[in-house]
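I wrote them down in the order in which I looked things up.

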Amino acid sequence: MSDQHKVLLTIPMYPDMELAAAKTGSVLAELKDFNEEAVEEIQLAIIETCINASEHSQSEDKEVHIQFLVTDDQLQVKITDRGVGITADTLDGTRLLGSPGIHPDLRKRGRGLQIIKALMDEVMIESSPNGTTVSFIKKKTAE
Amino acid sequence: MLNKFDIQIREAQEHAVIETTGYLNDALGEQLSEKAQELIQGGCVQLVINLEKTTLINSIGISILIEIIESLEEREGTLNFCGLSPTQERTFRMMAIAKYAGIFPDEESAVANL
């Protein structure tokens, strides 16, 4: 049976508080000997998800709830806000594009979810008018 | 404050190196943007941004880097990055930054390729 650790964390939607969540994720990943690159990818995915919650959820309690579940071979992170939910155009980034720049492929905004999907092995989003939960899994790779 | 950051500028005759330390978010990004715009407005359009001491870069920080790239393009300047971690480099390539700015392993090669 694998050794499993669960950590629950609630952070306020204050500037830089996403770093506290990222640090917790990195400590758990290091505990299970994830490599340095995976640890950085996990931190970035946590940061982007927390920033999305802070910027777009319109949550009245101004809190982000994070559940970490780490086993010997993977880290699962669930990040929940109690905001108004997200729409399809937010999910694909088109609502957040802003004014077009010189190069259409250099989109300035709305890339957080793209980054999360590229860095994590599995990503799931559940959203309703009562809030949003973004869950992702990073699997440990053999060295 | 969780994020302690710093910006150092090393100016040479025809180029400048901006070195950032800390978490590149909106706060550090805005300071970086101000410094870069000062250099660009002053006529220095050959820039290197050294990210070796920059632990994490979020998508807001990346959007500010894109604005610097666009400012330099308007003045036919060049921007090279150096000191990126493998994850940062992968993110830059995913976001098309690598198409419009150079990525080099160290400051010496980034300056040499301006």
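Entry 1. I began with helix α2 of chain A and helix α3 of chain B, whose axes lie 9 Å apart and form an angle of about 55 degrees. Since an angle of 35 to 65 degrees falls between roughly parallel and roughly perpendicular, I noted α2(A) and α3(B) as oblique to each other. I keep in mind throughout that this is a predicted model.

I then listed who meets whom: on the α2(A) side I found E37(A), E40(A), E41(A) and L44(A), and on the α3(B) side P86(B), T87(B), Q88(B), R90(B) and T91(B).

Entry 2. Which residue of chain B forms a salt bridge with E41(A)? I found that the partner is R90(B), with 2.9 Å between the closest N and O atoms. Between chain A and chain B the count is one salt bridge.

For the interface as a whole, I noted that 28 residues of chain A and 31 residues of chain B take part in the contact. The two chains bury about 2600 Å² between them, and 62% of this area is on carbon and sulfur atoms.

Entry 3. I stayed with α2(A), residues 36-56, and turned to helix α4 of chain A, residues 112-119, which packs against α2(A) at an angle of about 150 degrees with the axes 9 Å apart. Because angles over 145 degrees count this way, α2(A) is roughly antiparallel to α4(A). I also recorded that α2(A) passes α4(A) in a left-handed crossing.

In this contact E41(A) and L44(A) turn up again, together with A45(A), E48(A), T49(A) and N52(A), and they meet G112(A), L113(A), I115(A), I116(A) and L119(A) of α4(A). The residues here divide into six nonpolar, three polar and two charged.

Entry 4. Next I looked at chain B, where helix α1 (residues 26-41) and helix α2 (residues 59-74) have axes that come within 8 Å and cross at roughly 10 degrees. With an angle under 35 degrees, α1(B) is therefore roughly parallel to α2(B). Among the residues that make the contact are L32(B), A36(B) and I40(B) of α1(B), and I64(B), L65(B) and I68(B) of α2(B). I sorted the residues of this contact into eight nonpolar, four polar and two charged.

Entry 5. How many salt bridges does a search of the whole structure find over all chains? The search gives ten, and one that I followed up joins K32(A) to D3(A), whose closest N and O atoms are 3.7 Å apart. K32(A) sits in the loop between α1 and α2 of chain A and D3(A) in the segment before β1 of chain A, so this pair ties together parts that are 29 residues apart in sequence.

Conventions
Residues numbered from 1 in each chain as written. Chains lettered and ligands numbered in written order. Predicted model: local features only at pLDDT ≥ 70, side-chain atom pairs only at ≥ 80, totals over all residues. Heavy atoms only, no water. Axes fitted to C-alpha atoms, helices over the stretch in contact; angles between N-to-C directions. Helix = DSSP H or I, 4+ residues; strand = E, 2+ residues; numbered from the N terminus. Parallel < 35°, antiparallel > 145°, perpendicular 65-115°, else oblique. Left-handed = near helix turned anticlockwise from the far one by under 90°. Contact = heavy atoms within 4.5 Å. Nonpolar A, V, L, I, M, F, W, Y, C, P; charged D, E, K, R; others polar. Buried area = accessible area lost by both parts, 1.4 Å probe. Salt bridge = Lys/Arg side-chain N within 4 Å of Asp/Glu carboxyl O.
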